[in-house]
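Could you look over these notes before we next talk?

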Amino acid sequence: MKLFTRTALAVLVAAATASAAWADAREVRIASHVSEFSPLHAQSKLFAEEIENRLPGQFVFKLYPSGQLGKEKDLMANVQAGAIEMINVASGVMKLDKKLGVFDLPWLFYNREHIRRAMAAGLEDAVRSRIEEVGNVKVIGVYENGFRHVLNTQRPIVEPFDLEGLKIRISGGKFRQGVFQQMGAQPQSVSWGETFTALQSGVVDGAEAAIYGFYEQKQYEVAKYLSLTSHVYTPSFLLASTRFMDSLTDEQRAVFIEVGRAITDHAYKISEELEQKYIGEMNVQTEVNAVDLEKFQAATAKSYDAYIESQGDDYLKFVRETAKK
């Protein structure tokens with residue numbers, strides 16, 4: 001009977017201790033504008049899991065994908081203001097400063113290996129410093145949103161002239177639209193949520209996006225050709241508000257920064273695996289083809305001139321010096 005009493009008491013004490021630890025755990029929200037299909041969501045989960053491993057019971061992470069806490073512009077404003085602890089976003093970060101627009105340049109990288117080399121050579125640190133300097137945020141991690149490709153209903157895109165006359169739904173500003181116009185495409189303004197219907201009805205012939213975007217919207221069901229153009233590469237940025245980071249203990253702050261960097265290789269691997277998984281499933285209904293990368297690079301080389309003239313080529317040096325085909 002005494003053994004039962006002691007065992008029961010031990011269980012009660014353990015339960016009370018766990019409840020107290022949970023009650024003391026600090027809630028951390030990580031919000032994103034993109035869905036659970038995105039690599040950003042997987043990156044946020046990975047970060048949260050690693051923090052729990054390093055600092056067990058100190059934080060409770062709650063993930064809010066799909067714009068649940070606002071669109072990308074709103075998320076940026078809220079993390080800068082300290083109204084939200086963390087966000088994981090992509091192109092919205094580049095609007096902080098024109099120099100960060102380097103990632104809008106077409107056909108900047110050959111492949112993921114080239115990206116990793118350029119980032120490791122100093123591009124990532126330069127970008128981190130710039131974001132923190134102009135954005136009033138802490139960059140916890142720089143990972144991957146992915147390459148953008150072209151899906152269309154008419155034909156495979158292999159060389160620049162294959163875009164001639166195609167009505168393409170294009171996101172981004174006038175610069176990206178201009179790049180496609182140079183190759184004969186006709187940029188179209190259609191909301192992302194209406195793109196499936198626009199493809200189905202012929203309002204547009206195609207769209208450009210990251211693979212997970214095509215996949216989650218099931219656009220491959222109405223568009224036969226997926227061309228892996230890789231015309232733009234966009235990083236993802238795991239950001240924390242300075243207010244939140246300043247509120248952490250020295251140990252917690254150090255661990256957040258260490259984990260953010262430590263998971264980089266794993267984050268890239270997850271992103272690539274997700275893309276290959278989605279392409280594999282889409283390939284059942286869609287023809288997938290590679291493109292002649294060098295011909296596209298040659299066709300758009302002059303589009304770099306304005307950026308270099310206004311922002312310099314120091315970021316581009318990292319890219320050029322690490323370019324191995």
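1. First, the ground rules. This is a predicted model, where local features need pLDDT of at least 70, side-chain atom pairs count only at pLDDT 80 or more, and totals for chains, interfaces and linings use all residues. Residues are numbered from 1 along each chain as its sequence is written, and side-chain values use heavy atoms, with hydrogens and water left out.

2. Start with the second largest pocket, which holds about 330 Å³ of space. A pocket here is an open set of points on a 1 Å grid over the protein atoms alone, with protein on both sides within 12 Å along at least five of seven lines. Grid points are joined across faces, edges and corners, and a volume is the space filled by probe spheres set on the points.

3. What lines that pocket? There are 16 lining residues (an atom within 4 Å of a point), and Y110, N111, H149, L228 and S230 lie nearest the centre. Helix 4 (112-135), strand 5 (146-152), strand 9 (225-234) and helix 10 (264-282) each supply at least two of the lining residues, with helix 10 giving the most, four. Helices (H or I, at least four residues) and strands (E, at least two) are DSSP runs, numbered from the N terminus.

4. By class, the lining of the second largest pocket splits into seven nonpolar, five polar and four charged residues. Nonpolar means Ala, Val, Leu, Ile, Met, Phe, Trp, Tyr, Cys and Pro; charged means Asp, Glu, Lys and Arg; the others, Gly among them, are polar.

5. The largest cavity has about 80 Å³ of space. It is lined by 14 residues, with P39, N145, Y212, S271 and E275 closest to its centre. Helix 10 again gives the most to the lining, with four residues.

6. Last, the helix pair. Helix 2 (residues 39-54) and helix 9 (residues 250-262) pack at an angle of about 130°, with axes 10 Å apart. Axes are lines fitted to C-alpha atoms over the stretch in contact, and angles run from 0 to 180 degrees between N-to-C directions. That angle makes helix 2 oblique to helix 9 (under 35 degrees is roughly parallel, over 145 roughly antiparallel, 65 to 115 roughly perpendicular, the rest oblique). In contact (heavy atoms within 4.5 Å), F47, E50, I51 and R54 of helix 2 meet V255, F256, E258, V259 and G260 of helix 9.

How values were computed
On a 1 Å grid over the protein atoms alone, a cavity is a set of points where a 1.4 Å probe fits but cannot get out, and a pocket is an open set with protein on both sides within 12 Å along at least five of seven lines; lining residues have an atom within 4 Å of a point.
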